[in-house]
Amino acid sequence: MLSREDNELLVRVGPEAPMGKLMRLYWMPFLLARDVPADGLPYRVRLLGEELVAFRDSSGQVGLVDQACPHRGAPLMFGRNEEGGLRCVYHGWKFSVDGRCQEMPAEPENTPMLKKVRVKAYPVRERNGVLWTYMGPDAEPPPLPSMEWNMVPQENAHVSMRIQECNWLQALEGEIDSAHAAILHGRVDAGGAIDEWKQAADLQPKFEVVQHEAGMHIASRRKIEGDKNYIRVNQFLMPFWTLVPPFSEFPELSGHAWVPIDDEHTLCIMFSYHPAQPFYEKTRKLFKEGHRGRETGHHSENAYEKRAVTEPYHTYWSKFNRANAYGFNEELQEKYNAGLPGLWLQDAACQSGVMPIYDRTKENLGTSDSGVARTRRVLLEAVRKLSTQETRPVSTQDPDKFLVRAISITIPAGGDWMAHGKEFMQAQPGKDFGYQP
């Protein structure tokens, strides 16, 4: 259970909020590169409570700028993206990707305003089809984090995005909690593949948490046949990353960036990848299309509800949401433990179905919540050190601290999972799993 003050400290992400200031020290993925074609329509974005617009200029450079024109506040979403800049349709002021004003058609030719006026702009980097931005105070941003999913060849990965109607921390906590998996995602009739997961053999795992410089290893230990333990180590990486271990006969690594849009909405960027070979085409097709009307861990391409272009992330809102109970169906609940049509829907309904920001003073945490509790403490400590001592987490400046993998290994009962799994938890693009998941 958290105090009301600590809960507020964790969930508020605006420009002046302590957590918002911590978030701004890190590069954030915020859009897929394909969403902003050169000289194409600008794309509305909201990040950490700031209203922004992204566009790609004629040379292929991407800008992320304030949504409001600094002249008289007209929406740059309607701007004309042409000839190397974004032109406001109100009076024709034109801006480059770095925020410089290039033209003021209605002003005198030599107006000094041209050199003075800028629109707020954040640097953008593109890597393997994903756009990242840095919204922090440093004139020279740190290097992009070495996140393995975004460093392997694009054919090795599948990436999807969706909007979730809750605070970022509620979403993140759902994925570092591996006690729920076989229960929430299981079937009543024991007729599905999930009931054959190794974690379904022991619904009372023992949790062991080990902190490292980028975040935490969150291990669950389960008893399985043959006097062995099945170990799953999820990863929390600062400030909003979760990594999930492989579990199927077609093993993959996966996880999320739970990027705060504002206090009550989260941009859920999901990635699944194979570190050493092209991704399975059958699995990629499943992710894109769903399975027999059910969603997978990824949002399917035909389940989006397109909104007006003026709404942030207008192409990534789901037709499944709190207002329609995430597709809950009583007939489905006769087969599935949760009567919801798919994996991510089951998670999202539990994470955000009650309210956008849950009152954590009402919680009753158990031993299976040790990873969640420790993650909160790590975040609170980082926020307070930044606020009171101006001390930044090590991972803000060292990109290689993120070279970490989640793992699922079988070891002798009572064995040291840190010793057995040390090599496998070290990420290295091109290196295979090194074990049989």
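Which residues does UniProt give for the feature "domain: Rieske"?

1. The record and the model. UniProt, in an unreviewed entry, places the feature "domain: Rieske" at residues 27-133; UniProt positions follow the numbering used here, feature names are shortened, and annotations may be inferred rather than shown by experiment. The model is predicted, so that local features need pLDDT of at least 70 and side-chain atom pairs count only at pLDDT 80 or more, while totals for chains, interfaces and linings use all residues. Residues are numbered from 1 along each chain as its sequence is written, and side-chain values use heavy atoms, with hydrogens and water left out.

2. Content of the annotated stretch. Over residues 27-133 the chain is 41% strand and 4% helix, and the C-alpha atoms at its ends are 6 Å apart. Helices (H or I, at least four residues) and strands (E, at least two) are DSSP runs, numbered from the N terminus.

3. Strand 1 and strand 11 (residues 130-134) are joined in the antiparallel sense over 5 bridges, and Leu31 stands opposite Leu131 of strand 11.

4. Strand 2 pairs with strand 3 (residues 50-56) in the antiparallel sense over 5 bridges. Arg46 stands opposite Glu51 in strand 3.

5. Helix 4 against helix 8. Two packed helices are described by the angle between their axes and the distance between the axes. The axes of helix 4 (residues 168-176) and helix 8 (residues 370-389) come within 9 Å and cross at roughly 135 degrees. Helix 4 is therefore oblique to helix 8. Axes are lines fitted to C-alpha atoms, for helices over the stretch in contact, and angles run from 0 to 180 degrees between N-to-C directions. Angles under 35 degrees count as roughly parallel, over 145 as roughly antiparallel, 65 to 115 as roughly perpendicular and the rest as oblique. In contact (heavy atoms within 4.5 Å) are Trp168, Leu169, Leu172, Glu173 and Ile176 of helix 4 with Gly371, Val372, Thr375, Arg376 and Leu379 of helix 8. By class, this contact has 6 nonpolar, 2 polar and 2 charged residues; Ala, Val, Leu, Ile, Met, Phe, Trp, Tyr, Cys and Pro count as nonpolar, Asp, Glu, Lys and Arg as charged, and the others, Gly among them, as polar.

6. Helix 1 against helix 8. The axes of helix 1 (residues 4-11) and helix 8 come within 10 Å and cross at roughly 75 degrees. Helix 1 is therefore roughly perpendicular to helix 8. Asp6, Leu9 and Leu10 of helix 1 make the contact with Arg376, Leu379, Leu380, Val383 and Arg384 of helix 8. These residues divide into 5 nonpolar, no polar and 3 charged.

7. Backbone details. The peptide bond from Met238 to Pro239 is cis, with omega near -10 degrees, and Pro239 lies in the loop between strand 15 (228-237) and strand 16 (241-244). Arg292 has a positive phi of about 55 degrees although it is not a glycine; Arg292 is found in the loop between helix 6 (281-289) and helix 7 (343-352).

Methods:
Two strands pair if DSSP finds at least two bridges between them.
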